[in-house]
Amino acid sequence: MSRGLNKVQIIGHLGKDPEMRYTPSGKPVTTFSVAVSRSWNSADGERHSETEWFNVVAWGNLAEICKQYLVKGQQVYIEGRLQTRRWDDKEGQKHTSVEIVANEMMMLGDRRDANSHTQDEPPPPTMALPWRKMNSRSSFFGVNHE
C-alpha cells in the first residue's frame, strides 16, 4: 500500500492578531496569516527579496493557544498540511483558497506585549514553546488538542 505525504513547515511573522470563532457545534477555530520572506543575490550580484503570505487555520486547543499567545509581528513556526477549499459565492463566482491546517505551533523570538498580561493570568512564555495537535498515540506535554 502506498501512502502520500502532505506536510508543510514555515517560519515567518504574523501579519495581524489571530481571529478566533466557534463552529455551530462549539469547536474553536483560529485563523491568522504568516509572512515568510526570502532573499537572494542574482548572478549579476543584485540583491532580491520576496515575501509569500500563508493563511493558517488552527482547531481545538491549538486554536485557543494561538489566540491567547500570538500577536501581530511575532515570529512563529507552523507545521501542518496544505488544504484547498473551493466555493461559489452568491453571484455564482468560483473561489479557491489554499491554507495551512496547523497541527504544531512554536513561538519564536520575543513576545512584543509580554507585559500586557493581567494579574489573574500567568505571564506569557518568553522562550519557544511547541504546541502540537495530538492523536491517540502521542502525549506531548500531556495536552490533547483533539
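Colleague: What should I know about the ground rules?

Modeller: This is a predicted model, where local features need pLDDT of at least 70, side-chain atom pairs count only at pLDDT 80 or more, and totals for chains, interfaces and linings use all residues. Residues are numbered from 1 along each chain as its sequence is written, and side-chain values use heavy atoms, with hydrogens and water left out.

Colleague: How many helices and strands does the chain have, and in what order do they run?

Modeller: There are 1 helix and 7 strands, and from the N terminus the order is β-β-β-β-α-β-β-β. Helices are DSSP runs of H or I with at least four residues, strands are runs of E with at least two, and the numbering starts at the N terminus. Helix α1 covers residues 60-69, and Ala 63 lies in it.

Colleague: Why is Ala 63 called buried?

Modeller: Buried means under 20% relative accessible area, exposed means over 50%, and partly exposed is in between (1.4 Å probe, protein chains only). Ala 63 has a relative accessible area of 0%, so it is buried. Across the chain, buried residues make up 33% of the 146 residues.

Colleague: What does Ala 63 touch?

Modeller: Leaving out residues up to four places away in sequence, Ala 63 touches Met 20, Pro 28, Val 29, Thr 30 and Ala 58. A contact here is heavy atoms within 4.5 Å. Of the chain's contacts with a separation of 6 or more, 56% are between residues 24 or more positions apart.

Colleague: What makes Lys 7 and Glu 79 a salt bridge?

Modeller: The rule asks for a side-chain nitrogen of Lys or Arg within 4 Å of a carboxyl oxygen of Asp or Glu. For Lys 7 and Glu 79 the closest N and O atoms are 3.7 Å apart, and the pair forms a salt bridge. That pair links distant parts of the chain, with Lys 7 in the segment before β1 (8-14) and Glu 79 in strand β5, 72 residues apart.

Colleague: Is Glu 79 buried or exposed?

Modeller: Glu 79 has 14% relative accessibility, so it counts as buried. Lys 7, at 48%, counts as partly exposed. Besides Lys 7, the contacts of Glu 79 include Val 8, Gln 9 and Val 101, with neighbours within four places left aside.

Colleague: How many salt bridges does the rule give?

Modeller: The count comes to 5. One of them joins Glu 99 and Arg 85, with the closest N and O atoms 3.1 Å apart. Glu 99 lies in strand β6 (residues 94-108) and Arg 85 in strand β5, so the pair ties together parts that are 14 residues apart in sequence. At 7% relative accessibility Glu 99 counts as buried, whereas Arg 85, at 37%, counts as partly exposed.

Colleague: Why is Lys 94 called exposed?

Modeller: Its relative accessible area is 69%, so Lys 94 is exposed. Lys 94 meets Asp 88 in a salt bridge at 3.7 Å, N to O, and Asp 88 counts as partly exposed because its relative accessibility is 48%.

Colleague: How do you know that the charged end of Arg 38 sits over the ring of Trp 40?

Modeller: The test wants NZ of Lys or CZ of Arg within 6 Å of the ring centre and within 35 degrees of the ring normal. The charged end of Arg 38 sits over the ring of Trp 40, 4.2 Å from its centre.
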